[in-house]
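Thanks for making the time this morning.

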Amino acid sequence: MKEISFIVGPLEHRSSQTTYNKNYGVQRLIGALVSDGMGVSDIAAYDFSFEDIHRPLGEAEQLIDSMINLIEPSKVFGFSSYSFNHRPNIILADKLKIKYPSSRILFGGPAISELGKEVMVAFQGLVDYLIVGMAEESIVKFMQALEEEDKRGVPNLIWNIKSDYKDAIIENRLKYPPENWESVMPYDFDWVTLGNNFHSGHYRVLASMGCISNCGFCSVVEKEPSFQRRSLDKVIEEIGYDVELSEKNGDRAISIMILDQNYVGQLPGLMKALDKASLTKKIRRISFVSRADTLIAGSNPQKLERVLQNYGEILFTLFSGIESYSDKILLELEKGTTAKQNIEATRLMVDLAERYKNFMYATPLIGITPETMQEDILANIHALEECFKKASDPRIPSLVSPLNYGVPMARKLGINRPVGDYLPSIARSGFIADEAIPKDKRTIEALKKYYTYRQRVPPRRERDMVLQQSRVLGIDPFKVAFNVGENTEKMEQCRQIYQSIYVSLLHAAITGASVEKVISLVNRIHGPVRDVVTEASKARGIGLIYTEVF
């Protein structure tokens, strides 16, 4: 029997993306356990994120059963939960509890850090333990105290005390940063999959925890309340470790993603350190993140350009969350930037991409907020027309939802995730009770007002092909995972239509196509849907925006 088995469950639906890389967070947890003395043979890891359960009920059950059959007995099953696989994880845990009733079920990951205690409340009897936030120290102390009744010494742990005298959920103290977070290195573990292969040569490298900002639509600060930058020596040590692994696998050079919310100012120092360690020629791509205001601040534009000039054989990819070119929406999002700053940053990225072949960028936009109106959509369209008019290869922005589970903005709107959101439809053990479905009117009304789901926009090639075929750029419908009435499904349908239209308009703005032609096309194709939009128009947001814009 294994001491602990880590599990990354399948995706909720096909439009979710998987990186096809080994789970970096779990690799760090395994590294922490091995460093503490646990034998590698006492650990197992399963990654089923290559699959999805968006399929007929019978097929979904067969898929889950095939995963269960692969999983060996273990004292602890530790699930890594994200917004796109939390429900499938619950389903897997439910079936594992039946097969191995004495095993403990532990949940961690971004979704748990955001949902917190409510997962324990919803699934008492199924979920035994939760770890919120960074878990490198917590997982070690948890396994050390596994057989002890009192687990108050495990930081970031949520657990349940049951006895004849009391039955209470205990939330242990939160500790940031974990004492070993800088020194822990990811362990290159052999994962079990359903016959799938991971991409090789792609690595993530942790450079900081937390964030200097506190955007209303982001939960990073909620999960990691203090900003800490990892020492450059440890960052270089980990990159060197990744290079060694990659060479063993036959890769000539690696691609790395720097995990830091605002790294452009640190990039020159990183490159000098890589030169000193003779690692520069071992790297083919470096991806990093920057806020728009930081990107254009002081001498940062000149520093970035010098890096591009000096390291022409490395492809640099910059992700900058622009979110919107409307000051009203940026204020609503508590982004801390202005439309003017975002336009200047976008122009800089477009200009650098035109002059340097080793530079790429991505500028995600928030697709919709409760306060978005016609003038805000037009502000985005006009800004994109202005910023991209000289671009020979414009990068079409992707759209994301501004609300995730535990973000401040969601709480203000009364949409702090209902526990019934993740009720498995194919659970069989009886641990999942009907009482977990949200019944209060406030929650249901909030869901009808704005359904919070992070949506993937199809790749540019797919979007171009659809446009050329004179069809609106669409997104596969997402079936609501819980039943809170007919209106919620209508609102989701409207949101899908709106996202579809918005992408079409952005595409037209960037490529120079006629916006009027796109609007005419959208109206013609979506004419029959107007009845649905009308019924949903009382809920501020999607229906209202659709009717006002078109």
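Residues are numbered from 1 along each chain as its sequence is written, and side-chain values use heavy atoms, with hydrogens and water left out.

The average pLDDT, the predictor's confidence in each residue from 0 to 100, is 75 for the protein, and 68% of the residues score at least 70. Over residues 415-495 the pLDDT is below 50, although beyond near neighbours in sequence this stretch has 181 contacts in the model, a contact being heavy atoms within 4.5 Å. Where pLDDT is low, the predicted coordinates should not be read in detail.

Now to helix α9, residues 267-276, whose buried residues are Leu267, Leu270, Met271, Ala273 and Leu274; buried means under 20% relative accessible area, exposed over 50%, and partly exposed in between, with a 1.4 Å probe and protein chains only. Helices here are DSSP runs of H or I with at least four residues, and strands are runs of E with at least two, numbered from the N terminus. Seen down the axis of α9, these buried residues fall within an arc of 165 degrees, taken from the directions from the helix axis to the C-beta atoms, so they line one face of the helix. The face turned away from that buried side carries the exposed residues Lys272 and Lys276.

Finally, alanine 60, in helix α2, is buried at a relative accessible area of 4%.

Notes: This is a predicted model: local features need pLDDT of at least 70, side-chain atom pairs count only at pLDDT 80 or more; totals for chains, interfaces and linings use all residues.
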